[in-house]
Amino acid sequence: MRSDAQLIEAARTDAGAFRELYGRYAERMYRFHLGRSRDADAAHDLTAETFAQAWLARSRFEDVAGGSAGPWLFGIARNVLSASVRRGRLERAACTRLGILERLDREPATVEPEEIWLDGLDEALAELPETQLDALRLRFRDDLPYDELAEELGTTSQAARVRVHRGLSTLRLRLDSSKESRR
């Protein structure tokens, strides 16, 4: 049986090695995030983001724990969780400044976005990879839960979550940069 460090080394050229590492740690990462978020959907999303970040950082892995990737992965998980909390606070503060929270507190609760919020959305959607676009359509237009979305895409629920997350991240970056360029 290969050590975690050997799997990460092999994952530089073999995605199957990373899947094996994922199999070893996915449940622990999920429990870590669930214990802190107290929300199963959020814990799944945070777990997917943790492994997406680990995949991107696999070439920078340094074996400082005798072949175990646990400390490295949990460090990434803590960073992902912290970023999520910061992002949530920033989004909540932005909603307060824009008056959205007040509109949600009224009966009936409504959110009426300003037209400028949608500027550039069509262009950003058109630039997404087809796999991410399909995942976003199924999740948000068709309102499919992740298990059904995965079935439609012919993949696992975790992979479907990663596609949705990456699609949303890409859209956020493109829309933010297009708004910055208009200022």
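The second largest pocket of this predicted model is lined by 16 residues. Phe18, Arg19, Ala159, Val162 and Arg166 lie nearest its centre. Three helices, H2, H3 and H9 (157-182), each give two or more residues to that lining. H9 gives the most, with 5 residues. The space in this pocket comes to about 450 Å³. Sorted by class, its lining holds 9 nonpolar, 4 polar and 3 charged residues.

Start from Phe18, one of the residues nearest the pocket centre. At 9% relative accessibility, Phe18 counts as buried, because the cut-off for that label is under 20%.

Across the whole structure, a search finds 5 aromatic pairs. One of them joins Phe18 to Phe51. The arrangement is edge-to-face, with 6.4 Å from centre to centre and 80° between the planes. This pair links distant parts of the chain. Phe18 sits in helix H2 (residues 15-37), while Phe51 sits in helix H3 (residues 40-57). The two are 33 residues apart. Both Phe18 and Phe51 are buried.

Phe18 forms another aromatic pair, with Trp55. That pair is edge-to-face too, at 5.1 Å centre to centre, with 75° between the planes. Phe18 lies in H2 and Trp55 in H3, so the pair ties together parts that are 37 residues apart in sequence. How exposed is Trp55? Its relative accessibility is 25%, so Trp55 counts as partly exposed.

Phe18, Tyr22, Phe51 and Trp55 form one aromatic cluster. Look for Phe18 in the structure above, then find Tyr22, Phe51 and Trp55 as the other members of that cluster.

Charged side chains meet aromatic rings as well. Which residue lies over the face of Trp55? Arg58 does, at 3.5 Å from the ring centre. A further contact involves Tyr25 and Arg28. Here the charged end of Arg28 sits over the ring of Tyr25, 4.3 Å from the centre of that ring.

Now return to the pocket. Phe18 is among the residues nearest its centre, and Phe18 is also a member of the aromatic cluster. H2 and H3, the helices that hold Phe18 and Trp55, are both among the elements giving two or more residues to the pocket lining.

Note on methods. Residues are numbered from 1 along each chain as its sequence is written. This is a predicted model: local features need pLDDT of at least 70, side-chain atom pairs count only at pLDDT 80 or more; totals for chains, interfaces and linings use all residues. Side-chain values use heavy atoms; hydrogens and water are left out. Rings of Phe, Tyr and Trp (its six-membered ring) pair if their centres lie within 6.5 Å; planes under 30 degrees apart count as stacked, over 60 as edge-to-face and the rest as tilted. Helices (H or I, at least four residues) and strands (E, at least two) are DSSP runs, numbered from the N terminus. Buried means under 20% relative accessible area, exposed over 50%, partly exposed in between (1.4 Å probe, protein chains only). A charge sits over a ring if NZ of Lys or CZ of Arg is within 6 Å of the ring centre and within 35 degrees of the ring normal. On a 1 Å grid over the protein atoms alone, a cavity is a set of points where a 1.4 Å probe fits but cannot get out, and a pocket is an open set with protein on both sides within 12 Å along at least five of seven lines; lining residues have an atom within 4 Å of a point. Grid points are joined across faces, edges and corners, and a volume is the space filled by probe spheres set on the points. Ala, Val, Leu, Ile, Met, Phe, Trp, Tyr, Cys and Pro count as nonpolar, Asp, Glu, Lys and Arg as charged, and the others, Gly among them, as polar.
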